[in-house]
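Welcome! Let's walk through this structure together, one question at a time.

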Amino acid sequence: MTTDKKLRWAYMDHWRIDTPQGQLSQYTSVKRFDAFLKQISAIGFEAIETFDFHLGPLRELFGSLEEARAFMQERGIDRVLSLFHAVMYDERQSAPHVRATHDHIFNYAQHIMRSSQGLGVENFIVMPAGLYYDVEPVTDDKLRACAELWNRVGKMTLEYGVKTCCHHEFFCGIRSAEQLRKFYEWTDPRYVFLCLDTAQHVIAGVDPIDLYLKLHDRCGGFHMKDTKHVDLAGDYRRKPDAEVMAPTTPRWFHEMGTPGGLVDFPALMAAMKECGYEGWVGVEHDKADVGGGNYPESTALSAWYIQHVLKKIYA
Amino acid sequence: MNDKGMNQRIKWAYGVNQWKAGFTSFARLEEIERALKVTAACGFDAVELNAGSGRWDPIGRPENVAINYGSAAHFRLKLAELGIHRVASTFFDPTVMSFEELHFGLMSTVPADRARIVAQARIHAAMLAELGGEVLVVRPFPSFWKEGGLDDERMAAAAACWNEVGAMAASLGLKTALHVDALSALRTVGEFERLLQLCDSDHVGLAIDTAELTIAGHDVVALYRRFHQRVVHFHFKDALAVDTLGEYRLANAERAMIAAGGEREVPRWFGEMGTGLVDFPALLAAMRELGYAGWVVVESDKGPEPIASGMMLNAWYRQNVLEPVPAHAQR
């Protein structure tokens, strides 16, 4: 598709739908998936990002991934831009800082590359280290081990035309500005890219605009979402879960434009413009339903913010 | 005029009525702001307001708008900031109780109620005019179960009422549109004919609500073709069932038929465009063919949560199905 737009918007899919059967994924039926696609298409999104565990349901619903993509395109959604790699982080089989598990992680990633053809995938998004409490103390050697793994994976995924992009959750083993600096210094810029998740970095105390300016030539994608909290209490190392169970913060993530949001999206757009970024921008709001919110409304509010605020800065 | 030109004569808006499910909802200003942002994000930059009652309805009455936004002029600027550049219309149903006007429902068919209906309509019409709106949409008759079948006398009383409202609204630069719904005492095409004969064609026209009239058993495309010269407004929503059992006659039909679904327990009467019985492409083709120039207010009119979903699905249908419909499309 030809376009004169510098930016195109993708939606990272965490939706769940309230149905008479309870809350369900939109990958449970063609009808639900159809309605999901129409909703995000109507407000200007042109691609989705999803998890690699949705490859199976897509194949089952449509017969093949090529047919799934054709169905999406009929509704205005061009491709599955990114697959988020759902690794079961565990030192017994897959922990990036444990070299003995690298073959297993690599082989699993290669399996996903082989089995995801047909959707138009461009990015393979990974959390580049396990949960912080599983990795700590975070040593240089552990960071080097992670870098070795993702250099190897990133080189392989490029053979499939896919960039490996690292996505640093605030509770991930690689989270601080210094850890990020070392990791990107020790990874090969040809093979390992950054997926800038604005809220996650802010929660971790890292300025996402500063990070973007430093690493913009390594940036393969974005997850644009907001937060109202910086983790000042060490929730990132809280067991068993920092993201949905932290007693300090019932809801970490909010849609762009939410009152009280800490991410400076206009400044980020200005930085992207200054750096000449062109391509896809992903929007995400995981856990939008925590506390009574809902995914469609959050998505439409993000779309409003894109249309009425961000596009005026850079489009 | 070519198809594109025709399309430009149709102006799209979205009704706000789906957001207020009860006394606690759509009452905080931030809820209204979020709702209007969702509306704008869906590509609708105009809205139809709903005449409301009570302090918990911040945009339903001029005094509430004044309390919450300072003035209608300020409210208009706030709407523009949210991406809503027009208020198309206001819907007013005199049979709904009003705390402010101290009544439990007024009847257009009762001559004694006429002055109070006109006075109440004037309050909403004045705010609508100040907001730059164009159409005062009114419920012309009470429900059948309250009113019974219409006779000449009550038909004439209602027509006189709406002629007076029409003249009042016209003095403010507005049109008045009669919006007949699924439960209305007015049922037949013949009654439509009679009503329109009695109403002043300069000021009072017809609103076609696709779902309400389909539920009531009408073919909305045929109805539009028959009365197109008097049609000044549309509400677009789909109908998922027809009242084949005549349950509009049930006592408390708003609850017994619409809310509870009647004997068949119809789970939902109204649906998003393209999911039910209304042939929207045929209707739009007829509207373009006959040169309709006015507002089309898309509605969700309640429905399952989340409300944003229904609106987003209607936005997709408008963009992908309705806007490409050429004037010559046939059913």
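Helices (H or I, at least four residues) and strands (E, at least two) are DSSP runs, numbered from the N terminus. Please keep in mind that this is a predicted model.

Q: In which loop of chain A does Pro240(A) lie?
A: A cis peptide bond joins Lys239(A) to Pro240(A), with omega at about -5 degrees. Most residues other than glycine have a negative phi, and most peptide bonds are trans. As for its place, Pro240(A) sits in the loop between β9 (219-224) and α10 (265-275) of chain A.

Q: Which residue is joined to Pro306(B) by a cis peptide bond?
A: Pro306(B) is found in the loop between β10 (294-298) and α13 (307-322) of chain B. The cis bond there has an omega of about -5 degrees, and the residue it joins to Pro306(B) is Glu305(B).

Q: What is the phi of Asn252(B)?
A: Look in the loop between β8 (238-239) and α11 (253-259) of chain B, where Asn252(B) has its place. Asn252(B) is not a glycine, yet its phi is positive, at about 55 degrees.

Q: In what order do the eight strands of the chain A barrel run?
A: The barrel is closed and its pairing is parallel. Neighbouring strands of this sheet are turned by 30 degrees against each other on average, direction ignored. The order is β1-β4-β5-β6-β7-β8-β9-β10 (chain A).

Q: Which residue of β6(A) is the bridge partner of Phe84(A)?
A: Strand β5 (residues 79-84) and strand β6 (residues 123-126) of chain A run parallel and are joined by three bridges. In β6(A), the partner of Phe84(A) is Ile125(A).

Q: At about what angle does helix α7 of chain A run to β8(A)?
A: Helix α7 (residues 177-186) of chain A lies across two strands, β7 (163-167) and β8 (192-197) of chain A. Its angle to β8(A) is about 150 degrees.

Q: What feature does UniProt place at residues 37-310 of chain B?
A: In the model, this span is 40% helix and 15% strand, and its end C-alpha atoms lie 15 Å apart. In chain B, eight strands close into a barrel with parallel pairing, in the order β1-β2-β3-β4-β5-β6-β7-β10. The unreviewed UniProt entry gives the feature as "domain: Xylose isomerase-like TIM barrel".

Q: Which residue in β5(B) is the bridge partner of Val138(B)?
A: Strand β4 (residues 135-138) and strand β5 (residues 175-179) of chain B pair in the parallel sense over four bridges. The partner of Val138(B) in β5(B) is Leu178(B).

Q: Which residues of chain A lose the most area to chain B?
A: The contact between the chains takes 21 residues from chain A and 18 residues from chain B. Together the two chains bury about 1700 Å², 65% of it on carbon and sulfur atoms. Three residues of chain A together account for 32% of what that side buries, and they are Ala42(A), Glu297(A) and Trp304(A).

Notes
Residues are numbered from 1 along each chain as its sequence is written. Chains are lettered from A and ligands numbered from 1 in the order in which they are written. This is a predicted model: local features need pLDDT of at least 70, side-chain atom pairs count only at pLDDT 80 or more; totals for chains, interfaces and linings use all residues. Side-chain values use heavy atoms; hydrogens and water are left out. UniProt positions are given in the numbering used here, feature names are shortened, and annotations may be inferred rather than shown by experiment. Two strands pair if DSSP finds at least two bridges between them. Contact means heavy atoms within 4.5 Å. Buried area is the accessible area (1.4 Å probe) that two parts lose on being put together, summed over both. Axes are lines fitted to C-alpha atoms, for helices over the stretch in contact, and angles run from 0 to 180 degrees between N-to-C directions.
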